[in-house]
Amino acid sequence: MSIKNKALPGLGGKILALLTPEPERKYLLGDHEEIYNDLHKAKNGVYAYFWFWFQVTKALMEFINNTLLKDIAMFINYLKTAIRNFRKHKGFSFINIFGLAIGMSVCLFIIKFVLFFYSFDDFHENSDRIFMVNTIRLSSSGSELRSATTSFPLVEVLRNECPGVEKAAVLAHCANSSVSFNNKTLSAEFEYADHGFFEVFKTLSKFGESSDFLKQPNRIVITEKTAEKFFGNENPMGKVMHCGELGDMTIDGVIYDIPYNSQFHEIEIFASLSTLEDNWRNDKNKPLENWRRLVNPSPHLYILLRDDDSNENVETFLSGIAEKRMNYDRATYSFNIIPAGEYVFGTDLYYNSYGLKFWHIMLVLWIISALSILMIASFNYSNMSTAKALTRMREIGIRKVMGAQRIHLLLQFVGETILLTLIALSLAIFFHYIIIDLFFRLHPVLSTIFVFEDTISIYIVFLVFALLTGIVSGFIPALYISRPRPIEILSNFSKNGVFSRSNIRRVLITAQLALSFFFIMVTIASYKHYKYADNFDLGFNIDNVINVKIKPFQYRQLRNAFSGSSYVSGISASQYIPGTTSYNNHMVKRVDSIDSLRVSYLPVDENFIDNMEMKIVAGQNYPEKISPRDQRLILINETAVKLLGFNNPGDAIGEGIVSGRRAFTIIGVVNDYTTYAYYRQMEPGIVGYRPGLLYYANIRLSGNDNQAAIEYLEKKWSELYPNTLFDYEFYSDHIERNSTITSKLSFQIGSFVTFLAIIIASLGLLGITMYNVQTKIKEIGIRKTLGASVNNIISLLSKDYLILIGISFVLITPLTIYLHDLALKSLVNKSELGIIDFGIGILVMLAVGGITILSQLIKAVHVNPADTLRYE
Amino acid sequence: MYTLTRREEQVLISVWHLKESAYLVALRKHLTDITGRLWSIGSIHKPLLILEKNGYLEAYDGEATPIRGGRSKKIYTITKKGMAALTQYKKVNDSLWADFQEVEFGK
């Protein structure tokens with residue numbers, strides 16, 4: 001028997017080895033090998049080979065059967081049970097799925113919304129190393145000014161002397177200009193950028209090398225969209241465009257459109273900074289070398305850090321610079337750096353910053369609202385599941401007998417909830433598209449700002465979110481249903497009252513009512529706020545006024561051309577549009593005083609005060625026959641009077657004011673007017689005659705036919721200035737777009753959210769009441785037999801509900817008041833919540849809840865005792 | 001007392017029968033020959049494990065032969081408990097089968 005040993009086929013041997021556990025492994029392998037050899041000898045090699053592989057296959061099947069299939073079989077059993085349960089109680093299942101779908105759809109939308117903000121400017125290469133430099137100026141009087149711009153000399157210093165900075169980029173504001181090519185003129189958003197800009201923000205260039213962009217003056221880089229507007233599909237490199245006041249500029253290159261989630265999204269043309277540097281170099285104020293000057297030029301400084309740890313080094317370097325170059329007795333300056341993408345969360349305290357702004361607190365509020373709605377739906381589910389626990393007792397009992405532990409039951413019920421949630425998810429995805437659509441309908445400008453993309457990762461997030469919702473929703477009822485002593489569930493069902501003595505359910509329902517009430521109050525509050533903002537007195541009259549962008553030299557011509565028309569009842573001009581921006585700030589002081597005051601400076605023409613119907617509180621307006629000499633005459637507003645130390649407006653007349661090296665005389669006092677926004681405290685302001693700074697014409701239309709008026713004006717304009725855009729906007733639209741839009745949107749969104757919350761809460765209430773009435777049919781029958789009237793029964797059934805509403809009122813009212821104050825804390829001018837508002841809230845609650853319950857109560861009350869007690 | 005299944009019983013008695021060569025391959029051949037039915041590896045291996053687990057059998061390492069690729073055999077022996085079980089089964093069987101004769105069935 002010295003035949004050479006045939007070893008087992010390697011692969012099969014390995015599989016077998018894996019499938020058999022120690023310590024049996026080697027014995028079994030030996031057995032197999034022995035039989036294999038015997039067969040090889042007795043029959044033949046092929047036979048042995050197939051026998052062996054047959055053994056391996058059997059082992060594999062056994063393994064799969066033992067591990068996988070038993071679990072799958074169990075899983076399918078649970079699945080069948082779950083589906084059976086859903087179908088047995090179709091009504092409740094539907095209510096739950098629908099409610100959860102609504103709740104989740106809002107959350108899905110919020111997820112996309114939040115992720116949009118957190119993705120700002122993250123698509124740039126090295127985005128984690130790109131930062132923005134901000135300047136903070138603390139004056140000796142304690143007022144703090146935060147600016148997104150920095151001093152011009154800082155750019156080169158950071159670029160050349162700071163080791164932590166690899167590259168620096170500057171973006172500076174440029175007056176929006178019209179741009180034309182080949183007789184086609186359009187308006188475009190211009191910004192100045194230095195050549196470092198495209199090195200820090202390596203956008204993909206479509207035509208041209210980004211490292212060559214904007215090295216010389218009079219060059220521009222345009223976006224794809226702009227290129228298409230003027231040149232179609234051609235390559236416009238090297239072509240020359242006429243850019244209004246800036247003159248002729250050559251196209252250095254074209255970049256792809258900047259995505260929505262970037263602070264630079266709205267910029268269409270980048271012009272080389274060196275174009276303007278020449279002008280500034282000749283300015284005798286030497287703005288390019290002035291460390292303390294943050295505006296005109298207004299450089300936004302972006303830096304690319306050398307490596308991840310450079311933050312602190314750069315900040316130390318910057319504080320050194322501030323110490324050395326900028327600090328003096330009147331004010332201390334400091335710098336700080338922020339990651340470029342976080343800019344979107346800046347507050348309106350940052351002057352002169354780019355792009356979309358959104359407050360962190362708003363995001364938090366939106367997230368909380370979405371989660372609250374979802375919570376209402378979750379509570380519905382928990383409520384109804386615990387209520388129906390009794391119907392599942394038989395199944396649970398059998399499972400326990402068959403050996404199920406509590407963990408198995410828990411997993412089963414949470415799994416059922418997850419299944420329900422996943423079904424709701426598919427509906428929710430459908431709903432959330434509707435919500436996105438509604439969101440964009442709120443205001444046309446929204447679709448130019450936001451875009452919500454569908455990516456695989458977003459859908460994975462949705463799935464995880466749904467799973468979490470299922471787990472959280474199902475956890476409590478699972479605990480309740482799987483409790484070790486199920487007999488306790490029985491004892492809960494023989495008590496009086498609509499909600500029996502189940503405390504869990506009472507708590508849940510109260511929570512739902514409280515949340516609904518809270519939402520109603522939020523809606524009422526935001527409505528009041530919106531109305532307040534809308535009707536706020538700005539200090540001047542903006543009805544039927546349009547603002548037209550002009551060049552200062554055009555004003556006189558325009559005035560002559562338009563004044564005669566019957567469409568126009570008044571014309572004036574200003575440098576900017578007051579009411580939405582605090583654009584021009586200067587430090588001024590009285591001649592004989594040391595303290596200076598920061599005031600808002602509004603350059604206007606002599607007609608402005610009359611045209612905008614402002615009131616002269618003291619002194620007089622500009623004379624009709626005005627001359628350039630009168631630029632030294634100014635009017636100040638009432639707040640300025642107080643802050644400059646005058647006792648009353650009359651005292652200010654004739655006094656002198658100094659700003660920098662210029663001296664002015666006060667000839668009059670006007671009423672306070674809104675500079676930045678209605679909610680800010682009135683700022684001290686100066687109105688001054690400056691014919692050279694009139695960039696906006698304020699045309700008050702007579703109001704008869706605004707449409708025709710505008711057409712007329714447009715025609716006149718193109719006669720005067722062919723190839724220039726008649727760029728106008730209604731003053732009220734401008735205000736709304738910048739100020740009141742947040743309150744308007746808040747109200748619309750708040751009411752929508754409340755509407756959803758109420759729907760879900762009502763559904764829940766309906767479900768619970770339906771169930772309770774079902775269980776109490778017998779009791780009602782007995783009571784009726786014993787002589788209870790309809791009223792008795794209704795009051796019996798609704799008494800509990802009223803108590804719970806009362807509790808939620810007591811809980812929510814102080815919370816609402818507190819949050820209202822907190823949210824509007826930074827606003828000086830705002831609306832208040834009164835008793836009437838809370839009263840309205842309660843009424844709505846009672847009405848909605850009442851209707852819901854009443855439907856069931858009526859059914860209950862018409863129960864015929866003969867039917868229900870038939871079997872007693 | 002744990003009730004043996006028929007196959008476990010057959011495996012048990014075969015282990016006793018084969019004495020020192022009572023390992024899986026030999027048991028399989030023995031049982032296949034006697035019962036005339038092809039016993040699979042599993043149908044012997046599983047009863048062996050159960051019997052060992054319940055204390056009817058003990059095992060020790062046997063010789064390693066080249067035909068097994070150098071791996072050793074697992075030789076099983078009867079324990080006292082196993083012997084008791086066998087004796088009992090024999091007694092019960094004998095009593096049940098006492099005076100068994102083949103009966104011819106008429107036409």
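Between chain B and chain A of this predicted model, four salt bridges are counted, a salt bridge being a side-chain nitrogen of Lys or Arg within 4 Å of a carboxyl oxygen of Asp or Glu. One pair across the two chains is formed by the side chains of R68(B) and E34(A), which meet in a salt bridge at 2.9 Å, N to O. Nine residue pairs in polar contact, both residues at pLDDT 80 or more, are also counted between chain B and chain A; a polar contact is a pair of N or O atoms within 3.5 Å, where within protein one atom must be able to donate a hydrogen and the other to accept it, and residues adjacent in sequence count only if both atoms are side-chain atoms. On the side of chain B that touches chain A, α2 (24-35), α3 (41-54) and β2 (72-78) each supply at least two residues, and by class that side has seven nonpolar, four polar and six charged residues.

The size of an interface is often given as the accessible area lost when the parts come together. Chain B and chain A bury about 1600 Å² between them, 58% of it on carbon and sulfur atoms, with the area taken with a 1.4 Å probe and summed over both parts. In chain B, the residues I41(B), I67(B) and R71(B) lose the most area to chain A, together 38% of what that side buries. In terms of contact, defined as heavy atoms within 4.5 Å, 17 residues of chain B touch 17 residues of chain A.

Within chain B, the axes of α2(B) and α3(B) come within 10 Å and cross at roughly 115°. Here L24(B), L27(B), R28(B) and L31(B) in α2(B) meet I41(B), I44(B), H45(B) and L48(B) in α3(B), and the residues of this contact divide into six nonpolar, one polar and one charged.

In chain A, the axes of helix α1 (residues 10-19) and helix α2 (residues 24-42) come within 9 Å and cross at roughly 145°. The contact is made by G13(A), L16(A) and A17(A) of α1(A) together with R25(A), L29(A) and H32(A) of α2(A), and these residues divide into three nonpolar, two polar and one charged.

Over all chains, the salt bridges number 26. Among them, the side chains of R441(A) and D437(A) meet at 2.8 Å, N to O, and both residues lie in helix α12 (residues 406-441) of chain A, four residues apart, about one turn of the helix.

Residues are numbered from 1 along each chain as its sequence is written, while chains are lettered from A and ligands numbered from 1 in the order in which they are written. In this predicted model local features need pLDDT of at least 70, side-chain atom pairs count only at pLDDT 80 or more, and totals for chains, interfaces and linings use all residues, while side-chain values use heavy atoms, with hydrogens and water left out.

Methods: Axes fitted to C-alpha atoms, helices over the stretch in contact; angles between N-to-C directions. Nonpolar A, V, L, I, M, F, W, Y, C, P; charged D, E, K, R; others polar. Buried area = accessible area lost by both parts, 1.4 Å probe.
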